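I set out to record what I looked up in this structure, entry by entry. The model and its sequence come first.

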Amino acid sequence: MSAGLKVQAARLAQAVPALREAYSQALARWVGDPVLRLLALPIITECYRSPERQDELYKQGRSKPGPIVTYKRGGESNHNKLPTPALDVAFLLPDGEVSWSGLLLSKFARLMKAADARVHWGGDWPKFKDRPHFEVVG
Ligand SMILES: [Zn+2]
């Protein structure tokens, strides 16, 4: 998992402007918070995703082992558009581990939604909860 600044900047550059702006604001508020900044650092794990990679992910939990991580086939996900209206977030912990903590993600979701009311969080979806997922609609 690469959390390097260049990789992070390259991933964010794939996002549509409204999502880029919302993420930048949320990240700035996170690292500006003396408590949150000590807990973990938000990182973008994926923004644009090729249709081929989407098809590979779709196989997981179906024809390949592992849990189901998506209900979208290649070309159907917002991640497959460029610029991309969706991005996935995780956290870099002080010990170097990567975390998908639901608590951290819900805290970050609050900052994302405060930054732009058009942000939708996958953790709010009624059926398949996709907590690392954020997207801007409309
Ligand atoms: Zn996603």
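**Strand pairing and the zinc site**

I began with strand 4 and strand 5, which pair in the antiparallel sense over 3 bridges. Within this pairing I found Val119 opposite Val136 of strand 5. I note here that the model is predicted.

I next looked up strand 2. Strand 2 is joined to strand 5 by 3 bridges, and these two strands also run antiparallel. Asp88 has His133 as its bridge partner in strand 5.

I then asked which protein atoms are donors of the zinc ion. They are His79 (NE2), Asp88 (OD) and His133 (ND1), lying 2.0 Å from the ion.

I followed strand 5 along its side chains. In a regular strand, side chains alternate between the two faces of the sheet. In strand 5, His133 and Glu135 point one way, while Phe134 and Val136 point the other way. All four of these residues are buried.

My last entry concerns Asp116, which I located in the loop between helix 5 (102-115) and strand 4 (119-121). Why is Asp116 classed as buried? Its relative accessible area is 13%, and buried means under 20%. Leaving aside residues up to four places away in sequence, Asp116 touches Ala18 and Ala22.

Notes
Residues are numbered from 1 along each chain as its sequence is written. This is a predicted model: local features need pLDDT of at least 70, side-chain atom pairs count only at pLDDT 80 or more; totals for chains, interfaces and linings use all residues. Side-chain values use heavy atoms; hydrogens and water are left out. Helices (H or I, at least four residues) and strands (E, at least two) are DSSP runs, numbered from the N terminus. Buried means under 20% relative accessible area, exposed over 50%, partly exposed in between (1.4 Å probe, protein chains only). Contact means heavy atoms within 4.5 Å. Donors are N, O and S atoms within 2.8 Å of the metal (3.2 Å for Na, K and Ca); water is not among the atoms, so sites may look incomplete. Two strands pair if DSSP finds at least two bridges between them.
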